[in-house]
Structure formats: C-alpha cells, structure tokens
Amino acid sequence: MIYRNNIIVTFLIILSLVFTTSIWEKIIFPFNDPLIVGEYSDKNFNPINDIFRYLVFIFVPILIFFSQIFF
C-alpha cells in the first residue's frame with residue numbers, strides 16, 4: 001500500500017511540474033512603470049513576472065506533495 005501511494009505522489013508531482021512548465025509563458029504582468037529606464041522598459045517587461053513565475057513553479061508541486069502526504 002505504501003509503495004502504491006509513493007507512485008501516486010510521484011506521478012502527481014511530475015504532473016504538476018509539467019503543468020507549471022506549460023503555464024510559464026502565460027504568466028504575464030503588464031509593464032506600467034514609466035520611471036524605469038533600460039532593458040525592462042525597452043522590452044516592456046515587468047520584473048514581477050520572474051518572481052511570480054518562480055513562486056508558482058516552486059509552490060504548486062510543494063502544495064501537491066504536502067496535500068498528498070497529510071491527507
């Protein structure tokens with residue numbers, strides 16, 4: 001029984017990694033700060049994108065892991 005649960009948890013974590021990788025490019029916050037000068041303003045890139053993408057990529061698998069372990 002424990003072996004089966006480990007396989008399910010591992011499969012769900014891998015599935016969540018695939019999911020977060022697929023939505024990586026869809027996480028976009030609009031650039032709206034006219035005071036920033038440089039690469040970010042040239043490419044209209046909001047620096048919050050990287051932070052939020054990282055947090056989603058890290059926390060979704062962690063949440064799935066702990067939800068499967070505790071429940």
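A: Start with a term: accessible areas come from the Shrake-Rupley method with a 1.4 Å probe, and for residues only the protein chains shown count as cover. On that basis, the accessible surface of the protein comes to about 5900 Å². Carbon and sulfur atoms hold 73% of that surface.

Q: What kind of model is it, and what are the ground rules?
A: A predicted model: local features need pLDDT of at least 70, side-chain atom pairs count only at pLDDT 80 or more, and totals for chains, interfaces and linings use all residues. Residues are numbered from 1 along each chain as its sequence is written, and side-chain values use heavy atoms, with hydrogens and water left out.

Q: What does the protein average in pLDDT?
A: The average is 89, and 97% of the residues score at least 70. pLDDT is the predictor's confidence in each residue, from 0 to 100.

Q: What about overall shape, what is the radius of gyration?
A: The protein has 17 Å, while a compact globule of 71 residues would be near 11 Å. That radius is taken over C-alpha atoms, and the globule rule is 2.2 Å times the number of residues to the power 0.38. The C-alpha atoms fill a box of roughly 60 × 20 × 15 Å along the principal axes.

Q: How much of the protein is buried?
A: Buried residues make up 13% of the 71. Buried means under 20% relative accessible area, exposed over 50%, partly exposed in between (1.4 Å probe, protein chains only).

Q: Is Asn-49 buried or exposed?
A: Asn-49 is buried, because its relative accessible area is 2%. Asn-49 lies in helix α3.

Q: What does Asn-49 touch?
A: Ile-27, Ile-28 and Phe-29, not counting residues up to four places away in sequence. Contact means heavy atoms within 4.5 Å.

Q: Switching topic: which side chains meet in a salt bridge?
A: Lys-43 and Glu-39, at 3.6 Å, N to O. The structure holds 1 salt bridge. The term means a side-chain nitrogen of Lys or Arg within 4 Å of a carboxyl oxygen of Asp or Glu.

Q: Why are Lys-43 and Glu-39 about one helical turn apart?
A: Because Lys-43 and Glu-39 are 4 residues apart in helix α2. Both Lys-43 and Glu-39 are exposed.

Q: Which residues make the nonpolar surface patch?
A: Among them are Ile-51, Tyr-54, Leu-55, Phe-59 and Phe-70, in a patch of about 1200 Å². Patches are made of residues with over 30% relative accessible area and no salt bridge: like charges are joined within 9 Å, nonpolar side chains (Val, Leu, Ile, Met, Phe, Trp, Tyr) within 5 Å.

Q: Where is Phe-70?
A: In helix α3, residues 48-70. Phe-70 is exposed, because its relative accessible area is 62%.

Q: How far is Asp-33 from Phe-70?
A: The two are 37 residues apart in sequence and 43 Å apart in space, C-alpha to C-alpha. Asp-33 is in the loop between α1 (2-22) and α2 (39-43).

Notes: Helices (H or I, at least four residues) and strands (E, at least two) are DSSP runs, numbered from the N terminus.
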